[in-house]
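Here is a short report on one protein chain. Look over the sequence and the 3D structure, then read on.

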Amino acid sequence: MTAGPEDRVHGVSVLAHGVGAQHDLPLSPFYAFAGAFAALFVSFLALGLLWSASRFRGDLAGRPLPVAVQRAADARPTRTAARALGLAAALLVVLNLLLGPDDPDRNPAPGAVYVLLWVGLVPASLLLGPVWRLVNPLRTLHLVGCRALGRDPAAGRALPVRLGMWPAAAGLLAFTWLELVAPDPASPTALLLFLALYGAVQLTGAARHGARWFDHADAFEVYSGLLARLSPLGRRPADRRLVLRSPFNGLDATPQLPGLVATVCVMLGSTAYDGFSDAPAWITTVQTSPWGRTTAATLGLLGAVALVATLYALCAGATRLLSGQLPHPLTAFAHSLVPIALGYLVAHYFTLFVTEGPRTVMLALGTDNPAPVDSPLGPGGVATLQVLAIVLGHVLGVIAAHDRSVRLFPPGRAVAGQLPLLVLMIAYTLGGLTLLIA
């Protein structure tokens, strides 16, 4: 979206927020809300009438890609080149933070972190799968260190089952706090401190538990992996074959690990906070708060995540009551939140990526303070894209939840058991649209 004047408070550039003055978008609230409600309600009715048995096969589905493609993707030169690229990019970011100008308008490092990494992982993961796992510089450093010491990178203490994705959820919350709440998120000092602490925690965990630590604890690997569940490219665990698959099958195979709900709620809640953090009423609130701006903004971010989590927990409880005893109701339907989170991310960060992304690349190539690139879509096109992204994300969530319902619930309770989920989807949709156009 367009950048508002508040995005330059404390000398921070537009990189501090993915969303600008969304309340100025040329969009009719009536048509947006009516269309969203109709799309969700009609899709729910159609699924209830026409979809009586589960159709998704999870990791068992997929059409294998040609053997030549598989060999090229798994070849050692390919993987070595990807690791080297990730490590080189990380080194360039650190060098720019250490030696580059303090002005974020002239230093490419903040844009590399907040735009190319955080936002760029969205299209990269959707198109190519969990790419961060391959280029993760921390995983590469751990691999190089283990080889230097003659250790097996996979060796280490077993991860506690209860740990699940909780470290990744905490890491995502810490990163979004830095991006959205910290007084000067584009400051080289702040970024260096975060990257140093984050890297130390991750490498310490990997030294103790082996490379599997990154699969569950690295915030960016988990973030990329969840988004990659909607990629047409996948890998079957049974034979490690690369396959083309329906994104719904990838989504259906999302592991039901502890911390999954927390991770997705952080993705949703932080994006929601980004949506209302530049509203004039909220800016006035944090600027006049007796607790100070940072404390008030921190409470706002935590409150947004807590609200998303509370609504989902209430929905899961109601689903269990309506459908009978359901083990682990929180995680059973958590996968249906992933396309919703994707819709929010596209709606809130599309314009940031297509305008600030090229500008960051030009800065890295030596252009002095280039102007942001104009968005390829006009205001009306941006508004349409944002509404479609949010509505489509929720419709995909309804489909994923329905297929899981008819698999888990008795036939007579499958539709009734989804009513709380439908109410939740409508609430999330209305909330997301309100952040865009209210």
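## Overview

Helices (H or I, at least four residues) and strands (E, at least two) are DSSP runs, numbered from the N terminus. By that rule, the protein chain has 20 helices and three strands. This is a predicted model: local features need pLDDT of at least 70, side-chain atom pairs count only at pLDDT 80 or more, and totals for chains, interfaces and linings use all residues. Residues are numbered from 1 along each chain as its sequence is written, and side-chain values use heavy atoms, with hydrogens and water left out.

Buried means under 20% relative accessible area, exposed over 50%, and partly exposed in between (1.4 Å probe, protein chains only). Of the 438 residues in the protein chain, 50% are buried. Contact means heavy atoms within 4.5 Å. Take the contacts with a separation of 6 or more: residues 24 or more positions apart account for 78% of them.

## A buried histidine

His394 sits in helix H18 (residues 379-408). Is His394 buried or exposed? Its relative accessible area is 0%, so His394 is buried. Leave aside its neighbours within four places in sequence. His394 is then in contact with Leu40, Ile340, Tyr344, Met425, Tyr428 and Thr429.

## Two helices side by side

The axes of helix H8 (residues 166-180) and helix H9 (residues 188-209) come within 11 Å and cross at roughly 180 degrees. H8 is therefore roughly antiparallel to H9. Axes here are lines fitted to C-alpha atoms, for helices over the stretch in contact, and angles run from 0 to 180 degrees between N-to-C directions. An angle over 145 degrees counts as roughly antiparallel.

Which residues meet? Ala174, Phe175 and Leu178 in H8 meet Ala190, Leu191 and Phe194 in H9. By class, this contact has six nonpolar, no polar and no charged residues. Ala, Val, Leu, Ile, Met, Phe, Trp, Tyr, Cys and Pro count as nonpolar, Asp, Glu, Lys and Arg as charged, and the others, Gly among them, as polar.

## Helix H7 and its cover

The buried residues of H7 are Pro137, Leu138, Arg139, Thr140, His142, Leu143 and Cys146. Their cover includes helix H3 (76-99), helix H6 (132-135), H9, helix H10 (212-217) and helix H11 (219-228).

## A positive phi

Most residues other than glycine have a negative phi. Arg240 has a positive phi, near 65 degrees. Arg240 lies in the loop between strand S2 (233-235) and strand S3 (242-244). With a relative accessible area of 48%, Arg240 is partly exposed.

Conventions:
Parallel < 35°, antiparallel > 145°, perpendicular 65-115°, else oblique.
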